[in-house]
Amino acid sequence: MEHLLIINILLSLLIIFFQRRSPQTVWTWLLVLYFIPILGFVLYLIIGQDFHKSHMFKMKEIEGELKYAVRRQEEHIYRRQLRLANPAMERFRGLILYNLEAGEAVLTDNNDVQIYTDGRKKFEALLREIYAAQHYIHMQYYIIKNDELWQTIEKALIQKAREGVEVRILFDSMGCRTMRNRDWERLEKEGILVAEFFPALLGQLQLRVNYRNHRKIVVIDGRVGFVGGFNIGREYIGRDKKFGYWRDTHLCIEGSAVTTLAVRFVLDWNYAAKENLFLEDHLFELPTYQRNGHDLVQVISSGPDSKTKTIHDNYLQLIHSAKHHIYLQTPYFIPDESILNALQIASRSGIDVRIMIPSKPDHPFVYWATYSYLGEMVAAGAKCYVYNNGFLHAKTLCVDGMVGSVGTANMDIRSFELNFEVNAVIYSERTVQRLERAFEQDIEKCTQITRNIYDQRNMMIRAKEQFSRLLSPLL
């Protein structure tokens, strides 16, 4: 017992003084170690490791070229030489510069962005692009389940591999834990390359269970890219009775932003597969685009290895920049103090803040914590809704019908601190207003949480909320 006490004290000192964590996370771990010292120590070993000091993804050969493009755009912004087609976008010049400096996210201006909110249509589009591939297919998903949807995609991938197209699949070990080795070996026999992110020790023990590659990226021939909320499983096309209709948001981008998605995939692939795809010049040749787009897009990413919380800071700056309205859709609303305060200040300042979450939980503790924070926003005057037509999984933030962020990151501490995420920031009234119209149509399928409704919840629900909020940094 004496040795255990010493270990707890040393671990507490490590958490407090030597790791970059939020105060909320620190206090949660200290309480866990205090109340359940033995199990708490085991939990910390499994899910509490800190990878912030480890810069895992190195750009190697492409780094010089990328930095040159970033610095050139930075110089244009500082000298006011970066010309934005829409003068109204000038007020977001600071956000563009931040993404360049903090995330090395080059601004691209020739993109055509298609929006998919229905899983069937999204995967129909994905399959069309897979069958049209001529050179390579790079696919990265957090969750892949071996059901009828994956079998349809697998068939298409195998056919393209037999035609000589390079096919690479990168999957997260935790998210794809229901897949079997034989499922991947079947693909490898067909010449498809497979890599696993953070593989389990001896095939079973996952010491980095709390760090998940939550990104969903597909890049085909460097011409077209997909990014957003849909994973691969029958529930995402509305075939799971538990969830019913699945409402999500996914983008199909054609244009130069696809190159930045391609770089993001390769960085993750190089780490997981222990090879350097940046040496393969053909993967980065600029293609001929079939669609002539004009959307401005920056692809930003973040993770526990990042020096800055780029996606979190983007959300924060977008909220601060709002002058008229903020539309937010997220399955999990567990903001840190800075974002919660920013949303409350915006709402109390007369900005129309609207937040939409699902009406049913896929993770009960996360749902109750979400509902608790939603109550604080209702008290601040925000319009808060629960989506009743199935399950809402979209991760979108739109401001003033001008700028929107769509991707894989939820509005929660896990996405800000622990997950590897990727978002597309879109500076386009045409595209962002389409996202906002979809939001407004969803309101028709929602129940608004008023102050009276929230105050009428019983003591048991209140207790669940507070307990879940306490645990939220670990969820």
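In which hand does α6 pass α7, left-handed or right-handed? The crossing is left-handed, and it makes a friendly way into this structure, which is a predicted model.

The protein chain has 16 helices and 18 strands. Of its 475 residues, 60% are buried. Contacts between residues at least 6 apart in sequence are made, in 80% of cases, by residues at least 24 apart. The number of disulfides in the structure is 0.

Helix packing comes next. Two packed helices are described by the angle between their axes and the distance between the axes. Helix α6 spans residues 119-132 and helix α7 spans residues 148-162; their axes come within 9 Å and cross at roughly 15 degrees. That angle makes α6 roughly parallel to α7, because angles under 35 degrees are counted in that way. On the α6 side, the contact is formed by F123, L126, L127, I130 and Y131, which meet L149, T152, I153, A156, L157, Q159 and K160 of α7. By class, the residues of this contact divide into 9 nonpolar, 2 polar and 1 charged.

Helix α7 also packs with another partner. Together with helix α8 (residues 181-189), α7 forms an angle of about 25 degrees, and the two axes are 10 Å apart. The pair α7 and α8 is therefore roughly parallel, and the crossing is right-handed. Here α7 contributes W150, E154 and I158, while α8 contributes D183, W184, R186 and L187. This contact of α7 with α8 holds 4 nonpolar residues, no polar ones and 3 charged ones.

In α11, the residues L340, L343, Q344 and R348 meet Y373, E376, M377 and A379 in α12. The class division for this contact of α11 with α12 is 5 nonpolar, 1 polar and 2 charged residues.

T117 sits in strand β1 (residues 108-118) and is partly exposed, with a relative accessible area of 25%. Between T117 and D248 there are 131 places in sequence, yet their C-alpha atoms are 5.0 Å apart.

D172, in turn, belongs to strand β3 (residues 166-172). With 2% relative accessibility, D172 counts as buried. The C-alpha atoms of D172 and R215 are separated by 9.0 Å, and these residues are 43 apart along the chain. With neighbours within four places again left aside, the contacts of D172 are Y141, Y142, F197, R212 and N213.

D221 is a residue other than glycine with a positive phi, near 60 degrees. The loop that holds D221 runs between β5 (217-220) and β6 (224-228), and D221 is buried, with a relative accessible area of 13%. K274 is not a glycine either, and has a positive phi of about 60 degrees. The loop of K274 lies between α9 (257-273) and β8 (295-302). Is K274 buried or exposed? K274 counts as exposed, because its relative accessibility of 66% is over 50%.

Conventions:
Residues numbered from 1 in each chain as written. Predicted model: local features only at pLDDT ≥ 70, side-chain atom pairs only at ≥ 80, totals over all residues. Heavy atoms only, no water. Axes fitted to C-alpha atoms, helices over the stretch in contact; angles between N-to-C directions. Helix = DSSP H or I, 4+ residues; strand = E, 2+ residues; numbered from the N terminus. Parallel < 35°, antiparallel > 145°, perpendicular 65-115°, else oblique. Left-handed = near helix turned anticlockwise from the far one by under 90°. Contact = heavy atoms within 4.5 Å. Nonpolar A, V, L, I, M, F, W, Y, C, P; charged D, E, K, R; others polar. Disulfide = S-S within 2.5 Å. Buried < 20%, exposed > 50% of the residue type's maximum accessible area, 1.4 Å probe, protein only.
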